[in-house]
Amino acid sequence: NGGIRVISPIDDTPAQAAGILPNDLIVRLDDRPVNRMSLADAVGIMRGEPGTKIKLTIVRQGSDVPLVFTLTRAVIRIRSVRSYFLDDNFGYLRVTQFQTPTPELAREQIHELFKESNAMEGLVLDLRNNPGGELQSAVGVSDLFIDQGVIVKTRARNNTNEQVFNATPGDLAKGIPIVVLVNEGSASASEIVAGALQDHNRAIIMGTQTFGKGSVQTIWSLDKETTLKLTTHLYYTPSDRSIQALGIVPDITIESRDLPALEQEEVGRLREADLEGSLDGEDLDDGLEEENGSSLNPAVKEDYQLQEALNLLKGLSIARRQIG
């Protein structure tokens, strides 16, 4: 093929720090064309001693010329789960990969959020640029929020050999509204979680359409040096939607936007304060600034999709209070 497709860069890695994006196509490693290499050979070249450098030539959609990135190799320590508060009583749970300990780590982080705030009103589950991982890990994370019914099904060709994974009683998030953030870098296990929460109406999915990796690979060892990997099953959501090639379509589509560029769009717009004789809102503004500045996490200000997720949660919280 013409190169190596990036599903998503992993958090806190040299690739992410350098600016590699989902769907980037790696066409050269240093000065060597990738199309003449096997995937194993290419991976072997990219790996190396920590502190050494490698040059990646990237073809990116929307760019007329190839992009060149120089990465410094490092020891990769993946932190699959982390959490914090976005604002008073609104939590954030980031899952970067689905590994064996991920469900228990997520459980601990959610407990900590509720321990810090007994009045939790909403949660953002961020699965953006999460390339997936283990099926059982995805089932375990989904089960934290779904208290009954199907989480995911796997099915072989001709609709045979179906395996169903069900939820167990209990919703660790206690029924509070959840927004799941996804993008084109959310794949495989991430799509299982997003699809399950969407089908059970347990969360609102926000962002952009996911990658569409809904297949199960089985690996057979042929001898000491040779293995055979075949696609044997496909994933299906609780409502029997196939994830393969289609991905998960968000309930609310929000493109990622560069906030400095977004702020530039504001230039030239006429506002109330620009009109001659408009009321002075200085006193009101000062009060709002003091209130908001005391609790809003700085990370929200740098992430347009996260801002929109938080705004949605706040709206849902107000609606719940009015109804209740």
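A: **The pockets and their surroundings**

Of the protein's 324 residues, 42% count as buried, a word used for under 20% relative accessible area, with exposed over 50% and partly exposed in between (1.4 Å probe, protein chains only). This is a predicted model, in which local features need pLDDT of at least 70 and side-chain atom pairs count only at pLDDT 80 or more, while totals for chains, interfaces and linings use all residues. Residues are numbered from 1 along each chain as its sequence is written, and side-chain values use heavy atoms, with hydrogens and water left out.

The protein has nine helices and 15 strands; these are DSSP runs numbered from the N terminus, with helices being H or I of at least four residues and strands E of at least two. Among contacts (heavy atoms within 4.5 Å) between residues at least 6 apart in sequence, 67% join residues at least 24 apart.

The largest pocket has a volume of about 1,600 Å³. Its lining holds 44 residues, and I4, S8, I10, V43 and M46 are the closest to its centre. A pocket here is an open set of points on a 1 Å grid over the protein atoms alone, where a 1.4 Å probe fits with protein on both sides within 12 Å along at least five of seven lines; lining residues have an atom within 4 Å of a point. Points are joined across faces, edges and corners, and the volume is the space filled by probe spheres set on them.

Which elements build that lining? At least two residues each come from β1 (4-5), α1 (14-18), α2 (39-46), β4 (53-59), β5 (67-72), β13 (215-221) and β14. Of these, β13 gives the most to the lining, with four residues. By type, the lining of the largest pocket has 25 nonpolar, 14 polar and five charged residues, where Ala, Val, Leu, Ile, Met, Phe, Trp, Tyr, Cys and Pro are nonpolar, Asp, Glu, Lys and Arg are charged, and the others, Gly among them, are polar. Domain 1 (4-73) and domain 2 (81-253) each contribute at least three residues to this lining; the bounds come from an automatic or database domain assignment.

The second largest pocket has a volume of about 850 Å³. Among its 32 lining residues, those closest to the centre are L21, P22, N129, N183 and S256. Both β7 (90-95) and α9 (304-323) supply at least two residues of this lining, which divides into nine nonpolar, nine polar and 14 charged. The second largest pocket lies between domain 1 (4-73) and domain 2 (81-253), because both give residues to its lining.

In α5, 10 of the 11 residues are buried, among them I192, V193 and L197. These buried residues pack against β8 (122-126), α4, β9, β11, β12 (204-207) and β14. Just after α5, N201 takes a positive phi of about 55°.

A last stop is L172, in the loop between β10 and β11 (178-182). L172 counts as buried because its relative accessibility is 17%. Beyond neighbours within four places in sequence, L172 touches R107, I110, H111, F114 and L144.
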